[in-house]
Amino acid sequence: QVQLVESGGGLVQAGGSLRLSCAASGLTFSNYAMGWFRQAPGKERESVARISGNGGVARYADSVKDRFTISRDNAKNTVYLQMNSLKPEDTAVYYCAAKYGGTSGDYSAWGQGTQVTVSS
């Protein structure tokens with residue numbers, strides 16, 4: 001059974017940085033694309049960043065390009081999201097997700113989420 005556990009969320013002032021981590025178990029990690037998604041109150045969940053199994057391909061939402069960086073360490077079964085220049089509109093619950101194969105399509109395994117709050 002795939003298990004994803006996020007950590008690293010918290011409260012930060014606008015302009016600050018946070019790094020989220022997601023530890024995965026129960027899967028052959030390098031065979032899975034990983035993604036970070038977020039959901040703000042009253043809004044639909046949206047994709048933030050995705051990364052291929054070998055880390056060679058990364059895709060970002062326009063709203064976070066040049067501010068967020070997704071990376072992975074396949075030796076540690078962990079994916080990261082480095083978030084810089086945070087804005088109040090980045091406030092949301094951030095979820096880690098896994099998908100067998102490529103980065104496109106539906107993600108089948110989800111973590112419990114971690115809250116990120118950016119104060120103005």
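**View 1. Phenylalanine 37 in strand E4.** Phenylalanine 37 lies in strand E4; strands (E, at least two residues) are DSSP runs, numbered from the N terminus, as are helices (H or I, at least four). This is a predicted model, in which local features need pLDDT of at least 70 and side-chain atom pairs count only at pLDDT 80 or more, while totals for chains, interfaces and linings use all residues. Residues are numbered from 1 along each chain as its sequence is written, and side-chain values use heavy atoms, with hydrogens and water left out. Phenylalanine 37 is buried, at a relative accessible area of 7%. Buried means under 20% relative accessible area, exposed over 50%, and partly exposed in between (1.4 Å probe, protein chains only). Not counting residues up to four places away in sequence, phenylalanine 37 touches Arg45, Glu46, Ser47, Val48, Arg50, Val93, Tyr94, Tyr95, Ala97, Tyr107 and Trp110. Contact here means heavy atoms within 4.5 Å. Alanine 61 is 24 residues from phenylalanine 37 in sequence, and their C-alpha atoms are 9.8 Å apart.

**View 2. Arginine 38 and its polar contacts.** Arginine 38 is also found in strand E4, residues 32–39. With 5% relative accessibility, arginine 38 counts as buried. Its side chain makes a polar contact of 2.6 Å with that of glutamate 46. Another polar contact, of 2.9 Å, joins the side chains of arginine 38 and tyrosine 94. A polar contact is a pair of N or O atoms within 3.5 Å; within protein, one must be able to donate a hydrogen and the other to accept it, and residues adjacent in sequence count only if both atoms are side-chain atoms. Leaving aside neighbours within four places in sequence, the contacts of arginine 38 include Glu44, Arg45, Val48, Ser63, Val64, Phe68, Glu89 and Asp90. Threonine 114 is 76 residues away from arginine 38 in sequence, with a C-alpha to C-alpha distance of 9.3 Å.

**View 3. The disulfide of cysteine 22 and cysteine 96.** The sulfur atoms of cysteine 22 and cysteine 96 are 2.1 Å apart and form a disulfide. The link joins distant parts of the chain: cysteine 22 is in strand E3 (residues 18–25), cysteine 96 is in strand E9, and 74 residues separate them. A disulfide is a pair of cysteine sulfur atoms within 2.5 Å, and by this rule the count is one. The angle about the S-S bond is -75 degrees, and the link is left-handed. Cysteine 22 is buried, at 0% relative accessible area. Cysteine 96 is buried too, with a relative accessible area of 0%.

**View 4. The largest nonpolar core.** This core has 30 residues, of which Met34, Trp36, Val79, Leu81, Met83 and Tyr94 touch the most other members. Two or more residues come from each of E3, E4, strand E5 (46–51), E7, E8, E9 and strand E11 (114–119). A nonpolar core is a set of buried Ala, Val, Leu, Ile, Met, Phe, Trp, Tyr and Cys residues joined through side-chain atoms within 4.5 Å.

**View 5. The four-stranded sheet.** Four strands form an open sheet in the order E1-E3-E8-E7, with antiparallel pairing. Strand E1 (3–7) and E7 stand at the edges; each has a single partner strand, so one side of each is left without a neighbour in the sheet. Neighbouring strands are turned by 15 degrees against each other on average, direction ignored. For such angles, axes are lines fitted to C-alpha atoms, for helices over the stretch in contact, and values run from 0 to 180 degrees between N-to-C directions. Six bridges join the antiparallel strands E3 and E8. Two strands pair if DSSP finds at least two bridges between them. Leucine 20 stands opposite leucine 81 in E8.

**View 6. Serine 21 in strand E3.** Serine 21 is found in strand E3 and is buried, with a relative accessible area of 16%. Leaving aside neighbours within four places in sequence, serine 21 is in contact with Val5, Glu6, Ser7, Trp36, Thr78, Val79 and Tyr80.

**View 7. Two loop residues with positive phi.** Most residues other than glycine have a negative phi. Aspartate 66 has a positive phi, near 70 degrees. Its place is the loop between strand E6 (58–60) and strand E7 (68–73). Aspartate 66 is exposed, at 85% relative accessible area. Serine 85 has a positive phi of about 50 degrees, although it is not a glycine. Serine 85 is in the loop between strand E8 (78–83) and strand E9 (92–100). With a relative accessible area of 40%, serine 85 is partly exposed.
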